[in-house]
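Thanks, everyone; I would like to walk through one structure with you this morning. Please have the sequence and the model open while I talk.

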Amino acid sequence: MFCLPGATAFVPALVVSGLPNHDFYFAGFLPQKKGRQTKLKQLAEEKKTIILYESPHKINTTLEQIKEFFGEDTKVSLSREISKKFEETKRGTISELIEFSKSKTLKGEIVLVVSNV
């Protein structure tokens, strides 16, 4: 039996985030509309590192919502295109990542790692 590295994007994103990884919650994609705020409230109560998947066209909205529910000093890592040619990871406060995401057009698969410890 073999294990294919990179088959699950959240593991490498968690490792390169530099955020606490001893206790984490993988939430996957947030609900599209109904239940989204309820899910964010639930996640904000988890005292773990939270991992989310997000699409490029929703990333700015999601980052703003993380700021609203988790607080403006929340530490976040944004990784995209993991194990591909244009792989990129940006770390900082949620406010810094909002500024970063608005300054350029992000493409590809995005993994957010949110410190809530």
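Let me begin with a definition: a residue counts as buried under 20% relative accessible area, as exposed over 50%, and as partly exposed in between. Please also keep in mind that what you see is a predicted model.

With that definition, Val-16 is partly exposed, because its relative accessible area is 33%. This valine lies in helix H1, and, leaving aside residues up to four places away in sequence, Val-16 touches Ser-79, Thr-89 and Arg-91. Between Val-16 and Ala-27 there are 18 Å from C-alpha to C-alpha, although the two residues are eleven apart in sequence.

Val-16 also belongs to a nonpolar surface patch of about 230 Å², which it makes together with Val-11 and Val-15. Val-11, which lies in helix H1, residues 10-17, is partly exposed too, at a relative accessible area of 42%.

Now to the other residues of this helix. Which residues of H1 are buried? They are Phe-10, Ala-13, Leu-14 and Ser-17, and because they fall within an arc of 100° when one looks down the axis of H1, they line one face of the helix. What covers these buried residues includes five strands, namely E1 (24-29), E2 (49-54), E3 (75-80), E4 (88-93) and E5 (110-114). Just after the helix, Gly-18 takes a positive phi, with a value of about 75°.

Let me turn to the aromatic rings. In general, a pair of aromatic rings is described by the distance of the centres and the angle of the planes. With rings pairing if their centres lie within 6.5 Å, the count comes to four aromatic pairs. One of them is formed by Phe-10 and Phe-26, which are stacked, with 4.4 Å from centre to centre and 20° between the planes. Since Phe-10 lies in helix H1 and Phe-26 in strand E1, this pair ties together parts that are 16 residues apart in sequence. Phe-10 is buried, at a relative accessible area of 15%, whereas Phe-26, at 34%, counts as partly exposed.

The rings of Phe-29 and Tyr-53 have their centres 5.6 Å apart and their planes at 65°, and so this pair is edge-to-face. Here Phe-29 comes from strand E1 and Tyr-53 from strand E2, so the parts that are tied together are 24 residues apart in sequence. Phe-29 is exposed, with a relative accessible area of 53%, while Tyr-53, at 18%, counts as buried. Taken as a group, Phe-10, Phe-24, Phe-26, Phe-29 and Tyr-53 are linked into a cluster by ring pairs.

Finally, I come to helix H2, which spans residues 36-45 and whose buried residues are Arg-36, Lys-39, Leu-40, Leu-43 and Ala-44. The buried residues themselves pack against E1, E2 and helix H3 (59-70).

Technical notes:
Residues are numbered from 1 along each chain as its sequence is written. This is a predicted model: local features need pLDDT of at least 70, side-chain atom pairs count only at pLDDT 80 or more; totals for chains, interfaces and linings use all residues. Side-chain values use heavy atoms; hydrogens and water are left out. Patches are made of residues with over 30% relative accessible area and no salt bridge: like charges are joined within 9 Å, nonpolar side chains (Val, Leu, Ile, Met, Phe, Trp, Tyr) within 5 Å. Accessible areas come from the Shrake-Rupley method with a 1.4 Å probe; for residues, only the protein chains shown count as cover. A salt bridge is a side-chain nitrogen of Lys or Arg within 4 Å of a carboxyl oxygen of Asp or Glu. Helices (H or I, at least four residues) and strands (E, at least two) are DSSP runs, numbered from the N terminus. Buried means under 20% relative accessible area, exposed over 50%, partly exposed in between (1.4 Å probe, protein chains only). The arc is that of the directions from the helix axis to the C-beta atoms. Contact means heavy atoms within 4.5 Å. Rings of Phe, Tyr and Trp (its six-membered ring) pair if their centres lie within 6.5 Å; planes under 30 degrees apart count as stacked, over 60 as edge-to-face and the rest as tilted.
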